[in-house]
Amino acid sequence: MATTRDNPVRKLADSLQALADTVNSDNPHIKVSDLIQFCRISYTAIFYFGITVKFPDLDPQTKVDHFLEASKKYDTIQDLVESEIKNGTARDEGSPCRTLARFRRVIDLAREVLEQILTSGRKNSVETFAVAYEQVFVPYPGWTAGECFSLSVGLSKNIVLAALEELPPPDLLLKILNEDEDSAKEQAHKYINAAKVVLQYIDSVFLSSETGAEMLRTI
């Protein structure tokens, strides 16, 4: 049984599950403040291994700042998207709405990576990421997959692949994360299921207008 001491994977899954729970409530919604919390935890979990220094182009604080600014004016992401589209600012560079569309793909990439690991049994981090990358970022028209990934995550694909090659082997990685194989799978399933709920809701918010639908396809 994995210890509950500093456990980034569990925190990540729990935080996303909290968002999914509000979507599945009698009043489906996602608060901007809750999204900020998940955004912070997600980057902490992803770069928990001390490899952040390899990613000088990563600026997660910018995404948090965008959402923090939005939280002063909007309570939920639905309020945010609908208001910015109505005001004509949704597509502006650096807008919270644009940041949300891009951050949605980060959530989806993590989901796809975990599904690849669980369904294919891949233990090669580079191969797993490469397959997930193609699934999540290639379908978007208007940008190359590399441009789309760089805009969403703040990194180039090559930088991430180079860092993944330096990750420790699976057994040591689980130890660093304070997980065993069974508990890691449990948290992966939890993240995947919660992600599907959250992604579907975010999509529904954007798809409620022509501008929002276009943003999902092209931003």
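A residue is called buried when its relative accessible area is under 20%, exposed when over 50%, and partly exposed in between (1.4 Å probe, protein chains only). The model is predicted: local features need pLDDT of at least 70, side-chain atom pairs count only at pLDDT 80 or more, and totals for chains, interfaces and linings use all residues. Residues are numbered from 1 along each chain as its sequence is written, and side-chain values use heavy atoms, with hydrogens and water left out.

Begin by selecting Phe103, which is buried at a relative accessible area of 1%. Because Phe67 lies in helix 3 (residues 60-71) and Phe103 in helix 5 (residues 96-120), the pair ties together parts 36 residues apart in sequence. Helices are DSSP runs of H or I with at least four residues, numbered from the N terminus. Next, include Phe38, which forms one aromatic cluster with Phe67 and Phe103.

Now display helix 4 (residues 77-87) and helix 10 (residues 181-207), which pack at an angle of about 25° with their axes 9 Å apart. Axes are lines fitted to C-alpha atoms over the stretch in contact, and angles run from 0 to 180 degrees between N-to-C directions. To view the contact (heavy atoms within 4.5 Å), select Ile77, Gln78 and Val81 of helix 4 with Tyr201, Ile202, Val205 and Phe206 of helix 10.

Terms used: Helix = DSSP H or I, 4+ residues; strand = E, 2+ residues; numbered from the N terminus. Phe/Tyr/Trp six-rings, centres within 6.5 Å; stacked < 30°, edge-to-face > 60°.
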